[in-house]
Amino acid sequence: MTWRYVNFREIGKIIAFMLPGMLVGYFLYYQVDLKFLLYIYGSVIVAIAVYTWLGKTGPRKVKLPLMIVLMTCAGLMQSLFVSGGAFVVLYAVTVFTDKAEFRATLSALWLVSNLLILGQEIGAGEITSYNFTLSVYVVIPTLFGIYLGNRIYKKVSGSTFFNMANFLLVISGLSCFIK
């Protein structure tokens with residue numbers, strides 16, 4: 001990620017509107033059956049991917065009420081499933097036309113939001129030696145994925161990049177239905 005492409009203004013707006021949803025999600029995480037919500041969320045991810053794939057992309061002004069709804073939903077899903085990306089992507093494809101700005105800004109956004117979730121999990125006593133060990137095991141595959149993603153990113157056009165992002169959203173949504 002190149003920091004010069006990060007749009008910090010957009011990150012600030014997105015985080016500000018995600019926080020209420022994240023707070024509700026922290027509460028709901030221990031109160032509701034997440035399996036049912038996961039099926040609904042999977043369906044929403046696929047619908048968003050198809051909409052952004054077929055819809056008009058490019059810079060548009062997103063009205064404030066729509067942004068509040070999208071980012072609140074993003075925060076809710078991020079705190080429940082560590083996966084609020086579909087809602088953010090729906091917003092981001094209308095704001096960012098440059099693949100470098102899109103990628104760098106969303107990468108920085110996920111760094112911030114996942115650090116907030118890590119703080120919540122530490123506070124709730126969710127980080128155990130078993131969880132920590134699992135995290136260590138995924139470091140090498142994660143680094144390989146980052147390396148591979150960087151290689152692919154450099155070789156594809158902007159439109160191909162956005163098509164690949166939507167394809168991965170469909171895969172992500174469908175994975176919510178698999179145990």
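Tutor: Start with the definition: rings of Phe, Tyr and Trp (its six-membered ring) pair if their centres lie within 6.5 Å; planes under 30 degrees apart are stacked, over 60 edge-to-face, and the rest tilted. This is a predicted model, where local features need pLDDT of at least 70 and side-chain atom pairs pLDDT 80 or more, while totals for chains, interfaces and linings use all residues. Residues are numbered from 1 along each chain as its sequence is written, and side-chain values use heavy atoms, leaving out hydrogens and water.

A search of the whole structure turns up 4 aromatic pairs. Take Y39 and F177: their ring centres are 5.7 Å apart and their planes meet at 10°, so this pair is stacked. Y39 lies in helix 2 and F177 in the segment after helix 8, so the pair ties together parts 138 residues apart in sequence. Helices here are DSSP runs (H or I, at least four residues), numbered from the N terminus. Y39 is partly exposed, at 30% relative accessible area. F177 is partly exposed too, at 38%. The scale: buried is under 20%, exposed over 50%, partly exposed in between (1.4 Å probe, protein chains only).

Y41 and F81 also stack, at 5.9 Å centre to centre with 10° between the planes. Y41 sits in helix 2 and F81 in helix 3 (residues 64-81), 40 residues apart. With F87, Y41 and F81 form one aromatic cluster.

K99 lies over its face, 4.7 Å from the ring centre. The charged end of R103 is placed over the Y153 ring, 4.3 Å from the centre.

Now F102. It touches V89, A92, V93, F96, F161 and F162, leaving aside residues up to four places away in sequence. Contact means heavy atoms within 4.5 Å. F161 and F162 are among the buried residues of helix 8. The buried residues of that helix pack against helix 2 (34-54), helix 4 (85-95), helix 5 (99-123) and helix 7 (139-155).

F102 is also one of the residues with the most contacts inside the largest nonpolar core, which has 43 residues. Such a core joins buried Ala, Val, Leu, Ile, Met, Phe, Trp, Tyr and Cys residues through side-chain atoms within 4.5 Å. Helix 4 gives the most to this core, with 8 residues.

Note on methods:
Helices (H or I, at least four residues) and strands (E, at least two) are DSSP runs, numbered from the N terminus. A charge sits over a ring if NZ of Lys or CZ of Arg is within 6 Å of the ring centre and within 35 degrees of the ring normal.
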